[in-house]
Amino acid sequence: MDVGERNNRKNVNFNRPPAMVLKNSKHELRRTQKRLMIPASYFSLKSLVLLVGLTASMLILPLVLPPLPPPPFMLLLIPIGIMVLLVVLAFMPS
């Protein structure tokens, strides 16, 4: 068997005609490209300005405001209690 003949056999698709293989591969390429692209209207200019403004304020406010005392211990138990309640409700049979 010749080396060139062996390479030709690898490229043959017995299930579909060559035109269908090319058409389907283009379709697959288009489909995967559409899934990976972010739509152009995902972030509007207004939401981008809001995001940058909030980020800047979160960086500047700790430098401007005086340090606050820690909250009382009982206030810290409220979010912990809510979390425990949500975990219990999540695993409860309906």
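How many residues does helix H3 (residues 45–64) have, and what distance does it reach from its first C-alpha to its last? Select H3: it has 20 residues and reaches 28 Å, close to the 28 Å expected at 1.5 Å a residue; the expected span is 1.5 Å times one less than the number of residues. The number of buried residues in H3 is zero, so the helix lies largely in the open; buried means under 20% relative accessible area with a 1.4 Å probe, protein chains only.

This is a predicted model, in which local features need pLDDT of at least 70, side-chain atom pairs count only at pLDDT 80 or more, and totals for chains, interfaces and linings use all residues. Residues are numbered from 1 along each chain as its sequence is written, and side-chain values use heavy atoms, without hydrogens and water.

Next, show the whole protein chain: four helices and zero strands, where helices are DSSP runs (H or I) of at least four residues and strands (E) of at least two.

Colour by pLDDT, the predictor's confidence in each residue from 0 to 100. The mean is lowest in helix H1 (residues 3–10), at 54, and highest in helix H4 (residues 73–90), at 93.

Finally, select residues 73–92: their end C-alpha atoms lie 29 Å apart, and the span is 90% helix. An unreviewed UniProt entry places "transmembrane region" there and at residues 40–61.

Notes:
Buried means under 20% relative accessible area, exposed over 50%, partly exposed in between (1.4 Å probe, protein chains only). UniProt positions are given in the numbering used here, feature names are shortened, and annotations may be inferred rather than shown by experiment.
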